[in-house]
Amino acid sequence: MMTYLYAFLFSGLVCAIGQVILDNTRLTPGHITSLFVVLGAFLDIFNIYDRIVLWAGGGAMVPITSFGHLLIHGALVKARETGIMGLATGMFDLTASGITSAIIIAFFMTVIFKSKN
Amino acid sequence: MSNEEYEAIVKKHKPTEQRILNIVKAFVIGGIIGIIGHFLLEFYTTSLAITSKEASTLVIISLILVASFFTALGFFDNWINFGRAGFFIPITGFAHAMTSACMEYRKEGLVTGIGSNIFKLTGTVILYGIVSAYLFGLIRFLLFGG
């Protein structure tokens with residue numbers, strides 16, 4: 001049950017930091033999401049994001065930082081098995097489902113629904 | 001107090017209050033999406049009897065589906081304007097950016113419109129995600145052996 005609280009706090013904190021950056025700098029949402037993906041990948045050099053996932057559960061999966069975490073995680077798992085080429089072959093192992101479904105859903109939603117503006 | 005003085009005071013205080021309100025909104029909305037994410041994770045692991053790794057894939061797909069659907073119906077743009085970072089930092093923002101780019105360029109055709117512009121907003125996330133994951137992965141692989 002405590003995981004729900006941690007999920008709320010972690011996901012909320014990441015979004016609040018994003019909002020502070022948005023309000024106080026000239027960075028656009030595109031800059032901020034890119035920055036957070038890089039941050040998520042960076043935190044996995046020292047296994048930090050893995051620990052956050054254990055601690056905040058689904059709350060750590062939801063922010064865009066988890067995209068960077070999943071990219072580097074898939075790459076490293078493959079690299080351990082097959083050597084340095086695994087960094088490239090395993091890059092999309094864990095994110096493929098998210099990217100593929102986002103593309104397919106976006107495409108069919110666009111074809112089915114008409115734009116309002 | 002004259003009107004000018006009053007307006008000067010209003011001007012001085014309004015932006016700060018607005019900023020604090022924005023941060024609170026982003027925190028609460030982002031937090032609620034985090035709770036939904038964890039609820040779905042527990043729900044899928046128990047009801048479908050799968051590992052949490054497989055369930056996390058389903059959580060991400062569910063959120064993408066809902067965000068894309070709401071974007072297609074047209075009211076997710078208003079939500080983004082209201083919640084700002086609370087909605088665009090979670091994976092919902094990724095789905096919204098992709099779907100809205102698709103819908104915006106739809107009238108230019110299936111190939112030159114949708115095909116050329118689907119990654120217009122999300123391309124930066126994918127590009128820097130891959131570049132940083134590759135470099136950091138290389139560093140970790142060389143330093144710690146994976």
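1. Residues 24 or more positions apart supply 57% of those contacts in chain A that have a separation of 6 or more. The model under review is predicted, and the remarks below should be read accordingly. Chain A has seven helices and zero strands, so that, by the DSSP assignment of helices and strands, its elements run α-α-α-α-α-α-α from the N terminus on. Its C-alpha atoms fill a box of roughly 50 × 35 × 35 Å along the principal axes. Of the 117 residues in chain A, 53% count as buried.

2. Within chain A, the packing of helix H1 (residues 2–24) of chain A against helix H3 (residues 48–56) of chain A may be described in some detail. The two helices pack at an angle of about 130 degrees, and their axes are 8 Å apart. That angle makes H1(A) oblique to H3(A). On the H1(A) side the residues concerned are A:Thr3, A:Tyr6, A:Ala7 and A:Phe10, which meet A:Ile52, A:Trp55 and A:Ala56 in H3(A). By class, this contact of H1(A) with H3(A) has six nonpolar residues, one polar residue and no charged residues.

3. Is A:Ile32 buried or exposed? A:Ile32 counts as buried, because it has 22 C-beta neighbours inside 10 Å and the threshold for burial is 20 or more. Neighbours within four places in sequence left aside, A:Ile32 is in contact with A:Gly18, A:Ile21, A:Leu22 and A:Leu27. A:Ile32 and A:Gln19 stand 13 residues apart in sequence, and their C-alpha atoms are 9.1 Å apart in space.

4. The loop between helix H6 (86–89) and H7 of chain A holds A:Thr95. This residue is buried, with 24 other C-beta atoms within 10 Å. Not counting residues up to four places away in sequence, A:Thr95 touches A:Phe67, A:Leu70, A:Leu71 and A:Gly74. The C-alpha atoms of A:Thr95 and A:Ser66 are separated by 9.6 Å, although these residues are 29 residues apart along the chain.

5. Which residues does A:Leu71 contact when its neighbours within four places in sequence are left aside? They are A:Ala41, A:Met91 and A:Thr95 in chain A, together with B:Gly129, B:Ile130 and B:Ala133 in chain B. A:Leu71 is also one of three residues, with B:Ile64 and B:Met98, that touch the most other members of the largest nonpolar core, a set of 77 residues. Helix H1 (residues 3–48) of chain B gives the most to this core, with ten residues. The core lies between domain 1 (3–92) and domain 2 (105–146) of chain B, because both domains give residues to it.

6. The division of chain B deserves a separate remark. Chain B is divided into domain 1 (3–92) and domain 2 (105–146). Taken over C-alpha atoms, the centres of domain 1 of chain B and domain 2 of chain B are separated by 23 Å.

7. The interface between the chains is as follows. In total, 59 residues of chain A are in contact with 62 residues of chain B. On the side of chain A that touches chain B, the elements giving two or more residues are H1, helix H2 (29–43), helix H4 (58–61), helix H5 (65–82) and helix H7 (96–112) of chain A. The largest share of that side, 17 residues, comes from H1(A). By class, the residues on this side of chain A divide into 38 nonpolar, 17 polar and four charged.

8. B:Ala49 has a phi near 55 degrees, a positive value in a residue other than glycine. B:Ala49 is found in the loop between H1 and helix H2 (52–73) of chain B, and is exposed, with 8 other C-beta atoms within 10 Å. B:Arg84 likewise is not a glycine, and has a positive phi of about 45 degrees. B:Arg84 lies in the loop between helix H3 (76–83) and helix H4 (85–88) of chain B. In its case the residue is buried, with 23 other C-beta atoms within 10 Å.

Notes: Residues are numbered from 1 along each chain as its sequence is written. Chains are lettered from A and ligands numbered from 1 in the order in which they are written. This is a predicted model: local features need pLDDT of at least 70, side-chain atom pairs count only at pLDDT 80 or more; totals for chains, interfaces and linings use all residues. Axes are lines fitted to C-alpha atoms, for helices over the stretch in contact, and angles run from 0 to 180 degrees between N-to-C directions. Helices (H or I, at least four residues) and strands (E, at least two) are DSSP runs, numbered from the N terminus. Angles under 35 degrees count as roughly parallel, over 145 as roughly antiparallel, 65 to 115 as roughly perpendicular and the rest as oblique. Two residues are in contact if their C-beta atoms, placed from the backbone, lie within 7 Å. Ala, Val, Leu, Ile, Met, Phe, Trp, Tyr, Cys and Pro count as nonpolar, Asp, Glu, Lys and Arg as charged, and the others, Gly among them, as polar. A nonpolar core is a set of buried Ala, Val, Leu, Ile, Met, Phe, Trp, Tyr and Cys residues joined through C-beta atoms within 7 Å. A residue is buried if 20 or more other C-beta atoms lie within 10 Å of its own, exposed if 12 or fewer, and partly exposed in between; C-beta atoms are placed from the backbone. Domain bounds come from an automatic or database domain assignment.
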